[in-house]
Amino acid sequence: MAHLDVRDTTGDRRVVIDPTPFTIGRRETNHLPLSGSEVSREHAEIVRAGENWILRDKASRYGTFVNGTQISEHTLKAGDQVRIGRGGGADLVFATEDMAASQFKSSTSAVGDFRQVAALLEGLRALGSGRVLQDVLGLVLDTAISISGAERGFIMLAGVGPASGLELKLARGRSRETLTAATFQTSRKIPEAAFTTGTTQVVADLLDSDMADVHAGTVALGIRHVLCAPLHLVRYVDDASAGGEDRRIGVLYLDSREKGTLLSSSTRTALETLATEAAVAIENARLYREAAEKARLEQEMKIAAEIQAMLLPRTSVNRSFVEAAAATVPCRSIGGDFFDYAEQSTGCFAFMLGDVAGKGPPAALLSALLQGMFALEAQGADEPASVVGRVNMALYRRGIESRFATLFFGVMSKNGHLRYCNAGHNPPFIVGPGGVRRLEEGGPVVGLLAGLTYTQGTAELQSGDRIVVFSDGVSEAMSATGEEFGDDRLLSVIETARTADGDIDAPRLVDELIAGVRAFTAGAPQSDDITAMIVRYRAEA
């Protein structure tokens, strides 16, 4: 199985190349969606050709590079370093690994003396009490040591992910004391063999085996006898055709200086039965812990969403010469889109809308930072291009790696004169009696490069003109069939609403636009934050 080690604006992760063709790009529907500034919507793809993996560039704007050389098509080899874009995209490393899976079934019968059966049943009854993970691990170990007469034992659990190994979770002695990893010396060979093969490993005498040298530390303590059982997680279902779950989650290891009953067949049967039931209890405890952590995070996200909503201004503003309204619909609990209004000391009306790269908490934190910057900058009378330039330098100096934002900042005078600066944002529309115009003047995104000089655009507004500002979550919203909402549909929604009611106010027009996007994307998951703003100019009498 081949995979990519990915490093981009969201961090580091491993992604399996499946299915093929395996698409890479900025569009959320790609198998590997990336948010870098130099990533095209459909940037590249990887296809399987026999035993080979072929990387193809899909006419991307900033190119695809392998080991520093730009390519249009390349047969990948393990260790190839792939760069998406010239430097503002993402870095990938191609790798292959052999993964073998085995299916197994274990069946045991309950035999043994009454003491072992009683201890086993007592342990199994206690396992159903819904304890947290560490309590469950301790209970399993104490029960196993009691059943077997072993002197000590430990539980190792498999980490998350196919490449993760076994991790020591708890070690206990006969007196129920917790042992540290430093005091519990043994090799990993026996537990790894039990986990890999799915069968119980029994060593009657370490001195007689071929592992005496490997277990020198253990043998030095006088330990001679070992039993290690895999922890099988077996979940059955009522419908046989649906199939159950059968996988290994770790191992239960026991050893002792005295042979005693540790190696008897009845002890082995009892321990294998315990291990199967214990695996379910351990997994349930682990799932409970994950659920509790998820609930805590969800509550924190809910609070964060409430705080973010409070940081945004009131949704609408109504002044003698201007009316404005905006709304945002985050893709997740919290988002990276932001907007704000300000009344300047000169009597002008300032407004801005921005979109931070990425989603979730990191994007939300950066959007709050940018909103705070503008709240301070927009109060003065400086030109929009100067304000955007200072915001760019302030964000750049903070050195937040691979984090940037697009934004539009405009200032409207009472006489309808508009000054604006567009920093890599979707060009807003002016829609009115004089037709449709776009506001494109400005410069690149903020936060990536130092010392940029931004240009400033102007426009003369007629009474009734509406400025439509929006994030790419509006124009690039995807339908269930994979079609984009697009600028034409956006304008159609605006024109339809204006035709139906020539005096439609800004809040209602924002609602119509958001509703149009929702209707178009019905049945498809939301892939980006959706934010729209309408600013209407009204000439004073």
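Biologist: What is the relative accessible area of R536, and is the residue buried or exposed?

Modeller: This is a predicted model, in which local features need pLDDT of at least 70, side-chain atom pairs count only at pLDDT 80 or more, and totals for chains, interfaces and linings use all residues. Residues are numbered from 1 along each chain as its sequence is written, and side-chain values use heavy atoms, with hydrogens and water left out. Buried means under 20% relative accessible area, exposed over 50%, and partly exposed in between (1.4 Å probe, protein chains only). R536 therefore counts as buried, its relative accessible area being 10%.

Biologist: Which residue meets R536 in a salt bridge, and how many residues apart are the two?

Modeller: A salt bridge is a side-chain nitrogen of Lys or Arg within 4 Å of a carboxyl oxygen of Asp or Glu. The side chain of R536 meets that of E323 at 3.8 Å, N to O.

Biologist: Is E323 buried or exposed?

Modeller: The relative accessible area of E323 is 7%. That is under the 20% limit, so E323 is buried.

Biologist: How many salt bridges does the whole structure hold, and what is the N to O distance between E192 and R188?

Modeller: Side chains of opposite charge can pair when their charged atoms come close. A search of the whole structure finds 26 salt bridges. In the one between E192 and R188, E192 is partly exposed at 35% relative accessibility, and R188 is partly exposed at 38%. The count is 26, and the N to O distance for E192 and R188 is 3.0 Å.

Biologist: Which helix holds both E272 and R268?

Modeller: E272 and R268 form a salt bridge, with their closest N and O atoms 3.3 Å apart. An α-helix has 3.6 residues a turn, so residues three or four places apart point the same way. E272 is partly exposed at 21% relative accessibility, as is R268 at 34%. The two are four residues apart, about one turn, and both lie in helix α5.

Biologist: Which backbone oxygen lies 2.9 Å from a polar atom of the side chain of N392?

Modeller: N392 belongs to helix α7 (residues 384-397) and is buried, with 0% relative accessibility. Beyond four places in sequence, N392 is in contact (heavy atoms within 4.5 Å) with V445, V446, G447, L448, L449, L452 and Y454. The backbone oxygen at 2.9 Å is that of L449.

Biologist: Where is E45 found, and is it buried or exposed?

Modeller: Apart from neighbours within four places in sequence, E45 is in contact with P21, F22, T23, I54, L55, R56 and K58. Its relative accessible area is 16%. E45 is in strand β5 (residues 44-49) and is buried.

Biologist: How far from V16 is A2 in space, C-alpha to C-alpha?

Modeller: V16 is placed in strand β2 (residues 11-16), and its relative accessible area of 37% makes it partly exposed. Leaving out residues up to four places away in sequence, V16 touches M1, A2, H3 and F22. A2 is 14 residues from V16 in sequence, and the C-alpha distance in space is 6.2 Å.

Biologist: How many of the 16 residues of helix α2 are buried?

Modeller: Helix α2 covers residues 133-148 and reaches 23 Å from its first C-alpha to its last, close to the expected 22 Å. The expected span is 1.5 Å times one less than the number of residues. Just after α2, G149 takes a positive phi of about 75°. The helix is mostly covered, and its buried residues number 13.

Biologist: How many helices and strands are there in the chain, and what share of its residues is buried?

Modeller: The chain has 10 helices and 28 strands. Among contacts with a separation of 6 or more, 63% are between residues 24 or more positions apart. Of the 541 residues, the buried share is 48%.

Biologist: What is the mean pLDDT of the chain, and over which residues is the pLDDT below 50?

Modeller: pLDDT is the predictor's confidence in each residue, from 0 to 100. The mean for the chain is 82, and 83% of residues reach 70 or more. One stretch below 50, residues 98-118, has 26 contacts in the model beyond near neighbours in sequence. Another, with three such contacts, is residues 236-243.

Methods:
Polar contact = N/O pair within 3.5 Å; in protein donor to acceptor, adjacent residues only side chain to side chain.
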